[in-house]
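Dear colleague,

I am passing on the structure that you will be working with, and below it I have set out what was found there. Please read the notes with the model open beside them.

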Amino acid sequence: MNNQELDSILNEPFTFRERPTPISPNLRPVRRIALLLLMLDKCQGGKASHEQLHVLNWALRDTESQRALLEFLKGDGHPNKPIIRFDPTLDRATLFAEAEGFVAMELVGVKNGDRIDGQWPGYRVKLLETGKQIVKELSTMADCFKPERAFLSQLNGKFTQDKVKNLFNKATL
Amino acid sequence: MSLRIRCLELRVTTEKGMFGTKLSFRDGLTVLRAENSSGKSTCLMSILYALGLEGMLGPSHLPPLSEAMVRRIKDKNDASLNVVESKVLLEIQNANGETMTVERSATGTNKQRELIVTYDGPVLTAPDKTYKQESLFVRIPGAAQSESGFHTRLAEFIGLKLPQVPRYDAQPGPLYLECLFPLFFIEQITGWQGLESRIPTHLRIVEPWLRTMEFLLKFDVHDFALRRHQLQLKKRELERAWDIAVHRAKIATQGIGFVPMGISPTPVAEWPPTQSPSLCITNGKDWKGIDEEIERLKNDLVILNNTPIPTVDDSVKQITDDLKDTEEALNQTEEEYESLFSEISLDQGQISAIENRLKSLNKDLQEYKDEQRLRERDIFGKTSIAKAECRTCGQPLKDSLAAQVKAAQPMPLLENIAFLKDQVALFDEMLSDASRTIDGKQQALISLRHRIEELQSVIRTQRQTLRSEGNSPSAAAIRERLIIEDRITRLESSKKEFNLGLDVFKELATQWSDLQAALHALKADNLTVSDKGKLNRLRESFIEQLAEYGFRSFEPKEILISYRNYRPIRDENELWGMSASDTIRTIWAYLVGLLEISRNGDTNHLGLLILDEPRQQSADKVSFRALLKRVANAGSQQVIFATSEDEETLKTMLKDLPHELKSLPKRILEEVAKK
């Protein structure tokens with residue numbers, strides 16, 4: 001290519017077009033919100049703290065972390081605590097679900113505008129009636145979320161707020 | 001088998017006297033009429049509770065009974081009284097006409113409520129006799145299998161042989177009665193939401209709806225499942241046998257540096273393969289067949305035999321040159337060996353990287369398929385999430401949970417799935433290609449090892465010859481002949497052994513081919529003719545009823561019952577877009593259909609249907625009359641309806657129909673005089 005040709009190309013106007021990019025299924029809101037509702041359904045009373053949700057969310061990602069969490073829940077004060085990864089996309093999924101009225105954020109640890117003794121205020125995510133309806137609908141789709149459901153069913157009510165505290169609390173070692 | 005409800009009694013003891021009620025039931029249609037919140041739902045729930053079946057509603061261990069049964073009850077002056085103790089008694093009858101009475105406490109601790117007392121006779125209708133009494137357990141592990149479990153006893157009484165089904169957590173377990181009863185008992189609160197969703201999932205049975213329906217309709221499918229299981233075992237056995245045969249073939253030829261080629265590492269149905277199996281050897285680059293090698297050795301031997309054996313003196317120069325050549329050849333071969341060895345370890349690293357990538361691609365693909373299913377099912381309906389727009393301002397959102405401003409434009413869903421599929425195919429191809437290469441290289445490595453040993457032994461003899469006396473015959477020359485002779489013998493015997501081993505593959509391939517055919521036959525047709533006949537009868541009854549009930553959402557004739565999941569479908573899809581009243585009509589029609597086809601068909605239906613407040617408000621009066629007309633034909637089956645429909649209307653609707661109408665008092669739990 002000589003200089004003349006190059007100049008003629010450079011003098012033409014350019015158009016840039018953004019091509020759609022393949023993304024991880026973990027970034028798709030529909031799937032993640034559905035999973036969020038399933039996770040909440042497995043927590044006591046359909047309520048969970050952010051920590052609880054992040055732990056479940058982390059565990060759901062692969063079989064190795066699932067095994068680690070179940071192992072931890074089995075024995076009290078297990079020496080090998082898994083390292084939990086916090087995932088900002090879970091918070092976004094929660095916000096979407098809240099906007100849609102599937103879940104609500106409940107303020108806890110506060111009474112009449114004052115802090116309750118011995119507690120710090122915090123939010124808890126609560127499954128609402130519309131969310132429960134979706135969980136019900138999901139439960140009829142046997143071929144959907146198979147591995148996720150199999151894992152969640154093993155938790156069996158064992159996954160409580162106290163257990164999560166233990167996960168993050170050094171004092172139990 | 002069958003189950004009939006004969007008599008129900010509720011007893012509540014308070015601080016000021018007893019309350020209670022007693023209802024008896026006959027075969028055919030019974031309509032219980034009472035005002036709203038008079039306690040009729042409590043009566044029906046008590047039947048479920050007495051049978052220890054409240055687990056079908058959910059995992060809770062609290063009795064599903066009203067306040068009046070468990071805590072506080074109001075007397076006729078509206079004064080509230082504390083419940084001290086309450087219990088439910090139920091008399092049931094089986095197909096042989098035998099009667100059993102069960103008694104369960106509704107108050108007390110969980111432990112006390114887990115106990116059910118059974119009597120082997122009609123305690124409520126013939127209380128004067130004495131009956132054998134037994135205490136059994138419900139709602140604890142083993143209650144459906146152990147001797148002391150009430151559900152073991154109940155299933156035996158009804159005549160049900162519950163099958164073993166796969167479970168999520170461990171070994172297969174029994175199909176529980178809790179899975180079956182949602183098709184016989186429809187309670188008011190969640191009963192009218194759907195069919196499949198009411199089969200409890202907390203019991204951790206895999207695909208509970210399919211297993212329940214297959215058992216209820218007494219399908220041969222269950223036997224198919226067992227047969228498939230056996231074939232799978234046979235398949236594993238054949239794979240192992242094939243593996244052993246391949247291993248044998250390798251061992252048989254290991255000592256001679258030849259490797260078997262053209263034998264598939266996994267079973268194949270076609271034998272001999274297009275490229276017939278043979279033994280080959282490589283010098284690191286080219287491959288040579290065993291027959292060719294034997295031919296060459298024999299020719300060499302003929303030439304050697306035709307020349308006299310030289311003395312050492314005669315051949316010193318020759319041997320010295322040969323020795324130099326051999327040593328050089330050894331060095332070169334050793335170098336080749338080393339470099340091939342490191343190449344293989346690099347390739348192995350490559351393979352494990354491809355395998356990791358494939359694993360995560362397949363996981364992503366699986367997750368995307370879930371997403372697609374959610375979309376197809378329209379799980380979020382008309383919400384902003386489904387439309388991908390902001391709930392607050394209505395602006396379009398990118399279909400991604402990454403920060404909206406920074407996120408790249410994500411691929412549309414189906415395009416992304418196609419992209420992943422392409423990637424999986426690509427990496428699959430890479431993996432099989434890399435595996436093939438590494439296999440060839442490993443075989444070449446074995447050949448090189450043998451070549452090295454051979455060269456080392458030649459060098460030893462050549463050195464020995466140079467050190468021996470001048471007029472003795474050259475040991476190297478003799479050894480050369482001996483080596484060739486020995487090699488020919490070994491090659492020929494290995495070849496013979498290898499060819500004998502091939503017969504095993506022929507036998508295994510035939511078995512493999514038969515097995516594949518059997519597996520294919522099972523896959524092609526899951527349901528037998530008789531199974532399909534049952535589903536077709538269910539469909540006939542179903543669409544006939546829909547027409548009678550005034551189903552309007554679309555033409556009932558367009559509906560089929562799926563051979564795959566036994567649910568009503570239209571155009572290969574689940575029914576959707578129906579009005580609320582038509583949804584109720586489909587539930588009526590499906591449940592009544594199951595009852596009807598069990599009249600002459602061979603099923604495991606109990607011939608019992610209990611409907612609480614069948615939502616006639618959502619349908620219209622004409623439909624409700626049609627429903628009553630349909631179930632009034634129950635004959636020797638038993639249908640129990642509870643409704644708050646106005647009494648006069650009911651009487652008009654039930655005119656000319658065989659039935660029994662029981663009008664219940666405003667408060668069903670009445671004060672009873674002390675005996």
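**A covered helix in chain B**

The buried residues of helix 1 of chain B are B:Lys40, B:Thr42, B:Cys43, B:Leu44, B:Met45, B:Ser46, B:Ile47, B:Leu48, B:Tyr49 and B:Ala50, where buried means under 20% relative accessible area, exposed over 50% and partly exposed in between, with a 1.4 Å probe and protein chains only. Helix 1 spans residues 40–50 and is mostly covered, with 10 of its 11 residues buried; helices (H or I, at least four residues) and strands (E, at least two) are DSSP runs, numbered from the N terminus. Just after this helix, B:Gly52 takes a positive phi of about 65 degrees.

**How to read the model**

This is a predicted model, in which local features need pLDDT of at least 70 and side-chain atom pairs count only at pLDDT 80 or more, while totals for chains, interfaces and linings use all residues. Residues are numbered from 1 along each chain as its sequence is written, chains are lettered from A and ligands numbered from 1 in the order in which they are written, and side-chain values use heavy atoms, with hydrogens and water left out.

**The two chains**

Chain A has 8 helices and 5 strands, and its elements run, from the N terminus on, α-α-β-α-α-α-β-β-β-β-α-α-α. Of its 173 residues, 39% are buried, and its accessible surface comes to about 9,900 Å², with 52% belonging to carbon and sulfur atoms; accessible areas come from the Shrake-Rupley method with a 1.4 Å probe, and for residues only the protein chains shown count as cover. Among the contacts in chain A between residues at least 6 apart in sequence, 67% join residues at least 24 apart, a contact being heavy atoms within 4.5 Å.

Chain B holds 16 helices and 21 strands, and 46% of its 675 residues count as buried. It exposes about 34,700 Å², of which carbon and sulfur atoms supply 51%, and 70% of its contacts with a separation of 6 or more are between residues 24 or more positions apart.

**Two helix pairs**

Two packed helices are described by the angle between their axes and the distance between the axes. In chain A, helix 3 (residues 50–60) and helix 7 (residues 146–155) pack at an angle of about 130 degrees, with their axes 10 Å apart; axes are lines fitted to C-alpha atoms, for helices over the stretch in contact, and angles run from 0 to 180 degrees between N-to-C directions. These two helices of chain A are therefore oblique to each other, since angles under 35 degrees count as roughly parallel, over 145 as roughly antiparallel, 65 to 115 as roughly perpendicular and the rest as oblique. From helix 3, A:Leu56, A:Ala59 and A:Leu60 meet A:Glu148, A:Phe151, A:Leu152 and A:Leu155 of helix 7. The residues of this contact divide into 6 nonpolar, no polar and 1 charged, where Ala, Val, Leu, Ile, Met, Phe, Trp, Tyr, Cys and Pro count as nonpolar, Asp, Glu, Lys and Arg as charged, and the others, Gly among them, as polar.

In chain B, helix 13 (residues 529–549) and helix 14 (residues 580–600) pack at an angle of about 135 degrees, with their axes 8 Å apart, and they are therefore oblique to each other. The residues of their contact divide into 10 nonpolar, 5 polar and 4 charged.

**Two buried strand residues**

B:Ser86 lies in strand 5 (residues 80–94) of chain B and is buried, with a relative accessible area of 1%. Leaving out residues up to four places away in sequence, B:Ser86 touches B:Arg11, B:Val12, B:Met69, B:Ser105, B:Ala106 and B:Thr107.

B:Thr118, in strand 7 (residues 115–119) of chain B, counts as buried at 3% relative accessibility. B:Thr118 and B:Val102 are 16 residues apart in sequence and 4.5 Å apart in space, C-alpha to C-alpha.

**Backbone points to check**

Most residues other than glycine have a negative phi, and most peptide bonds are trans. B:Asp78, however, has a positive phi of about 70 degrees although it is not a glycine, and it is partly exposed, with a relative accessible area of 47%. B:Tyr566, also not a glycine, has a positive phi of about 65 degrees, and it is buried, with a relative accessible area of 3%. A cis peptide bond, with omega about -5 degrees, joins B:Trp271 and B:Pro272, and B:Pro272 sits in the loop between strand 12 (259–261) and strand 13 (278–282) of chain B.

With kind regards
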